[in-house]
Amino acid sequence: MSFRLKLIALSVICSCTVLEDRDSCPCLLHLEFDESVSQVADSVRIWIKGEGFGFVAGLPSSLYPEGITVPVTSRSGVFITVMDSESAQESADGSLNIPSGCQCPEVYDFRSFCETSGETAHRHITLHKNHCRVYVTFREAVSGGYSVKIDGGVCGYSSRGDFLDGDFSCAPQIDGEGRFVFCIPRQKDAGLNMGIGRGDGRTRVFALGNYIEESGYDWTAEDLGDVELEVDYAASVIRLRFEPWPESESEDIVI
């Protein structure tokens with residue numbers, strides 16, 4: 001795969017000499033990538049935006065060690081967005097919009113404002129886990145005829161990381177252990193619902209967001225943990241565990 005740098009409204013590509021007006025000179029912004037970035041992304045997409053200035057680039061992991069330096073012509077600061085390329089796909093501005101019926105991508109990202117009033121600026125880039133995997137298992141086998149669906153009111157993130165309000169609804173994948181697996185975005189409230197149906201066509205809807213929050217899960221953490229639910233449908237009990245599972249205590253909730 002080839003990578004191209006796309007420069008928008010970038011008219012100055014080098015720093016000024018001592019004889020030039022410094023106010024019109026670019027600020028040399030260097031992005032330094034943490035070693036951990038290569039563990040979660042083979043390549044990243046970068047957006048840098050400011051007043052009258054825009055920069056978009058793709059960067060492969062082979063270039064992480066040297067980073068990237070961008071001459072920024074906006075003296076009023078810029079907003080930096082870095083996202084793993086697989087999640088970024090065709091995003092034009094660094095936002096992530098999840099179509100209804102689709103799961104959230106396993107997105108890792110970095111979003112931060114940076115002052116560019118000086119001659120140089122620097123940001124250390126560390127990607128954070130901005131998705132949550134929900135694993136649902138039943139005491140009975142999956143072949144028992146269960147169907148599961150999760151609905152919520154967050155359908156992605158803006159270019160600056162704000163929540164995008166909208167319908168989120170997705171059906172699960174089933175992994176090699178027979179678990180229903182959902183990938184959902186970060187939540188701003190307890191609005192998640194989980195519907196469980198059986199072969200008789202009746203669906204029970206549970207306030208999953210309330211159960212998760214009441215069990216102490218932190219939606220504001222820099223790196224979101226995963227959630228495991230074990231459902232005893234007949235006994236009307238859900239058992240929750242949070243990542244890291246080996247050390248976490250489980251909690252039974254009567255539904």
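Visitor: Which residue stands opposite V136 in β15?
Guide: Strands of a sheet pair through backbone hydrogen bonds, either parallel or antiparallel. Two strands count as a pair if DSSP finds at least two bridges between them, and the strands themselves (E, at least two residues), like the helices (H or I, at least four), are DSSP runs numbered from the N terminus. Here V136 stands opposite F180 in β15, and six bridges join β11 to β15, which run antiparallel. Bear in mind that this is a predicted model, in which local features need pLDDT of at least 70 and side-chain atom pairs count only at pLDDT 80 or more, while totals for chains, interfaces and linings use all residues. Residues are numbered from 1 along each chain as its sequence is written, and side-chain values use heavy atoms, with hydrogens and water left out.

Visitor: Which strand pairs with β15 over two bridges?
Guide: That is β14 (residues 173–174), which pairs with β15 in the antiparallel sense, with I174 standing opposite F180. The hairpin of β14 and β15 has five residues between the strands, and there G178 takes a positive phi near 75°.

Visitor: How many residues of β15 are buried?
Guide: Buried means under 20% relative accessible area, exposed means over 50%, and partly exposed lies in between (1.4 Å probe, protein chains only). In β15, six of its six residues are buried: F180, F182 and I184 cover one side, and V181, C183 and P185 the other.

Visitor: What does V136 touch, apart from residues up to four places away in sequence?
Guide: Contact means heavy atoms within 4.5 Å. By that rule V136 touches R179, F180, F182, M194, L229 and V231.

Visitor: How many residues does the largest nonpolar core have?
Guide: A nonpolar core is a set of buried Ala, Val, Leu, Ile, Met, Phe, Trp, Tyr and Cys residues joined through side-chain atoms within 4.5 Å. The largest one here has 39 residues, and V134, V136, I150, F182, I184, M194 and L229 are those with the most contacts inside it. Among the elements that each supply at least two residues of this core are β11 (131–138), β15 (180–185), α3 (208–214) and β18 (227–232). A second, separate core of 26 residues includes V37, L59, Y64 and C114.

Visitor: How many disulfides does the structure hold?
Guide: A disulfide is a pair of cysteine sulfur atoms within 2.5 Å, and the structure holds zero of them. C27 is in no disulfide, since the nearest cysteine sulfur, that of C114, is 6.8 Å away. C27 is buried, with a relative accessible area of 0%, and C114 is buried too, at 1%.

Visitor: What is the strand order in the open sheet of three strands?
Guide: The order is β5-β2-β9, with mixed pairing. Because β5 (68–72) and β9 (120–125) stand at the edges, each with a single partner strand, one side of each is left without a neighbour in the sheet. Five bridges join β2 (residues 27–33) to β5 in an antiparallel arrangement, and the bridge partner of C27 in β5 is V72.

Visitor: Where are the buried residues of β6?
Guide: They lie on both faces, with V78, I80, V82 and D84 on one side and F79, T81 and M83 on the other. Seven bridges join the antiparallel strands β3 (residues 43–50) and β6, where G50 stands opposite V78. Strand β8 (residues 108–114) also pairs with β6 in the antiparallel sense, over six bridges, and R111 in β8 is the bridge partner of T81.
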